[in-house]
Amino acid sequence: MKKDIILAGVGGQGILSIAAIIGYAAMEAGLNLKQAEVHGMSQRGGDVQSHLRISDKEIFSDLIPQGGADLIISVEPMEALRYVPYLNADGWMITNTTTFINIPNYPAIDALMQDVNAVAHKVAVNADEIAKEVGSPRSMNMVILGAASSYLDIPYNMLEDGIKFQFGRKGEAIVQANLKAMQAGRDAAKAI
Amino acid sequence: MKKLMLLGDEAVAQGVLDAGLSGAYGYPVTPSTEIVEYVQKDREAIERNVHRTWSANEKTAMEEALGMSYAGKRVIVTMKHVGLNVAADAYVNSALTGANGGVIVAVADDPSMHSSQNEQDSRFYAKFALMPAMEPSNQQEAYEMPFKAYELSEKYHLPVLMRITTRLSHSRAGVVRHEIIPENEMHQPENKDQFMLLPALARRNYQRLLAVQEDLIKESENSPFNIYKEGTDKSLGIIACGLGYNYIMENCGEKCPYPILKISQYPLPRKQIEKIMNECEKILVVEEGMPLVEEMLNGFLGNSKICGRLDGTLPRAGELNPQNVRKALNLPEMPTQKMPATVVGRPPALCNGCPHADTFKAVNEAMKEYGRGHVFSDIGCYTLGYLSPYNAIDTCVDMGASISMAVGAADAGYFPALAAIGDSTFGHSGMTALLDAVKCNANVVILILDNDITAMTGMQESQVNGKIEDVCFGMGVPKEHIRVITPLSKMWEENVKIIKEEIAYNGVSVIIPRRPCIHVFNKRKGEQK
């Protein structure tokens with residue numbers, strides 16, 4: 001078993017929480033794991049990515065080779081497309097469709113969505129909208145995790161345990177809100 | 001035993017803690033920040049009362065670490081590659097004084113300059129200082145090396161440099177812990193003048209340092225971290241240092257036909273280098289950073305047998321990655337898809353609500369009549385003020401250089417000469433430059449951007465917090481020319497006026513734009529709720 005996952009987004013959008021939850025679940029499942037993060041200057045509103053590698057064999061490189069990723073999980077559509085060169089031929093792109101515009105030359109939305117639709121295997125959901133609908137607008141990242149959950153080869157209940165572990169100290173209400181958001185993302189992806 | 005999921009930095013921290021650490025020193029910098037931060041948060045470290053507060057800069061940190069070593073305790077000092085330049089005086093001399101309690105100098109290099117001004121390779125410093133060095137290739141080694149490094153440090157009475165690079169610093173993996181070693185008892189150095197570098201004694205210590213070099217090579221030859229993997233195809237031999245080994249294994253797997261020498265401890269293991277050089281037709285040297293080993297093997301006149309970064313087999317600059325190492329191995333490229341042309345770059349930027357943004361807007365207005373090229377700046381979030389839409393600052397060289405460069409320009413008659421420096425950077429290396437400014441009554445305006453925190457590296461307390469005015473006044477800046485302003489858009493006119501007044505004053509002015517970093521502000525607001 002091997003899953004190489006690129007997590008993508010803009011600094012502050014919560015991709016490291018997604019990484020931590022998948023990571024927790026993978027560890028509980030007894031798998032090997034490496035997860036490279038971006039710290040420092042890039043976190044200030046720049047593009048950020050995390051390379052998450054899960055395998056039942058020894059993992060050497062902390063970085064996923066280009067053309068080697070099985071999944072791109074992105075909380076922002078342009079950031080998803082940035083990492084298309086990492087995707088392998090059978091790889092899936094799971095992305096939010098809500099844009100994060102903090103630069104003057106952000107591309108036209110129509111052109112961007114055309115490129116998203118041109119990716120062979122993709123799941124595109126409006127995670128911001130879904131998070132609002134379930135009453136937890138700040139859990140957009142968990143909606144995306146939910147949308148990706150069927151592609152991870154990790155039992156869903158282990159991801160739920162990951163959420164409980166990650167948010168446990170913030171109280172039961174926060175845990176429940178995040179669980180609900182993840183379930184909503186999972187349902188939305190299945191409905192496509 | 002259950003694995004801990006640790007960043008490379010955290011693995012180093014857990015390693016030193018379990019290997020009997022009594023003190024962690026350092027200055028917060030990417031990519032080494034998380035070493036001291038881990039010690040600060042670790043429950044066992046708190047219970048043991050391991051020293052764990054930030055130092056003013058890397059030089060004081062290095063010296064404090066030496067002091068703790070003098071007292072017989074095991075210690076770690078952390079910094080980034082360019083921080084080692086700041087600590088270099090103490091660091092290089094520490095090879096002559098040597099250590100009493102074990103000393104690890106952990107330096108995180110940043111090839112590809114993700115958050116740095118250059119990509120210098122700290123292994124050169126170890127070679128230069130004649131000090132042993134270790135370079136982990138994964139998180140488990142990062143955890144285990146401190147045990148061995150302290151042993152080595154106390155056996156040879158020498159500090160050990162531990163070099164990590166960005167990718168390992170900030171990558172997590174499972175780490176298995178070892179049994180914990182108790183801290184050293186306090187004890188003076190056996191040799192009472194070991195740390196006394198008067199010339200006559202320094203010459204003696206230098207001879208001692210030279211004399212142990214052969215022993216250090218033997219240690220490397222017998223090190224569990226330097227591994228020779230036999231191969232059947234001798235047309236190529238691979239020397240892979242630190243992380244370079246991972247990219248070789250990623251591409252070749254366990255079935256690699258070529259002999260591989262993995263190097264994670266220096267000085268270079270002579271026996272193994274001789275073996276691979278003798279048995280292989282060509283040698284590929286794969287090092288993360290600069291071509292240190294490759295240059296040594298090449299010699300001054302070159303050696304056609306050696307390939308790597310110098311002959312273009314690997315890129316001369318920047319990080320290694322699975323792709324460029326794959327190419328160096330002559331393996332077919334993996335098929336990839338193109339990035340759509342609609343995708344544009346998203347550079348880092350000041351956050352919404354950042355106090356620096358309001359400071360730069362006021363500075364730009366006050367400087368309108370003089371044009372660009374007058375604001376010397378420094379290292380921190382505010383360096384992003386160089387970028388659009390601010391275009392407010394003109395230089396960034398090293399910690400503290402804003403003030404000293406403004407002084408030098410003013411000495412040349414350049415007017416106006418402004419410096420823009422953060423509160424934490426001012427504490428690190430700005431104060432001594434301010435002393436120069438006052439001494440020669442330079443015609444400069446120094447903006448100390450006080451956002452209450454070391455923001456860029458993730459909210460560490462600043463050393464000069466609450467003391468900036470007192471420091472400036474104590475150093476001789478006239479009280480009426482120490483002006484505190486509030487960088488808010490509603491204060492814009494007032495702030496422009498104050499900056500203009502101080503530009504007009506012929507002498508040293510300090511303006512302190514003071515407003516907490518927006519993240520600190522939001523966090524405090526959250527805590528009040």
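Chain B is divided by the domain assignment into domain 1 (4-211), domain 2 (227-328) and domain 3 (355-523); the bounds come from an automatic or database domain assignment. A word on the source: this is a predicted model, in which local features need pLDDT of at least 70, side-chain atom pairs count only at pLDDT 80 or more, and totals for chains, interfaces and linings use all residues. Residues are numbered from 1 along each chain as its sequence is written, and chains are lettered from A and ligands numbered from 1 in the order in which they are written.

Staying with the domains, the C-alpha centres of domain 1 and domain 3 of chain B are 33 Å apart. Their contact involves 11 residues from domain 1 of chain B and 11 residues from domain 3 of chain B, where contact means C-beta atoms, placed from the backbone, within 7 Å. On the domain 1 side there are 7 nonpolar, 4 polar and no charged residues. The classes are these: Ala, Val, Leu, Ile, Met, Phe, Trp, Tyr, Cys and Pro are nonpolar, Asp, Glu, Lys and Arg are charged, and the others, Gly among them, are polar.

Now chain B as a whole. It has 21 helices and 18 strands, taken as DSSP runs numbered from the N terminus, helices being H or I with at least four residues and strands E with at least two.

Five strands of chain B form an open, mixed sheet in the order S8-S10-S9-S12-S13; two strands pair if DSSP finds at least two bridges between them. Strands S8 (227-229) and S13 (306-307) of chain B are at the edges with a single partner strand each, so one side of each has no neighbour in the sheet. Strands S9 (residues 236-241) and S10 (residues 260-263) of chain B pair in the parallel sense over 4 bridges, with B:Cys241 opposite B:Ile263. Helix H12 of chain B lies across S9, S10 and S12 (282-286) of chain B, at about 135° to S9(B). Angles run from 0 to 180 degrees between N-to-C directions, with axes fitted to C-alpha atoms, for helices over the stretch in contact.

In all, 39 residues of chain B are in contact with 40 residues of chain A. On the chain B side, H9 (166-169), S7 (171-175), H12 (244-252) and H15 (322-328) each supply at least two residues. By class, that side has 21 nonpolar, 12 polar and 6 charged residues. Strand S2 (residues 32-36) of chain A pairs with S7(B) in the antiparallel sense over 3 bridges, and A:Lys34 stands opposite B:Ala173.

Last, one residue of chain A. A:Ser61 is in the loop between strands S3 (47-55) and S4 (69-74) of chain A. What does A:Ser61 touch, leaving aside neighbours within four places in sequence? A:Ser61 is in contact with B:Asn246, B:Tyr247, B:Glu250 and B:Pro322. A:Ser61 counts as buried because 26 C-beta neighbours lie inside 10 Å.

Technical notes:
Contact = placed C-beta atoms within 7 Å. Buried ≥ 20, exposed ≤ 12 C-beta atoms within 10 Å, placed from the backbone.
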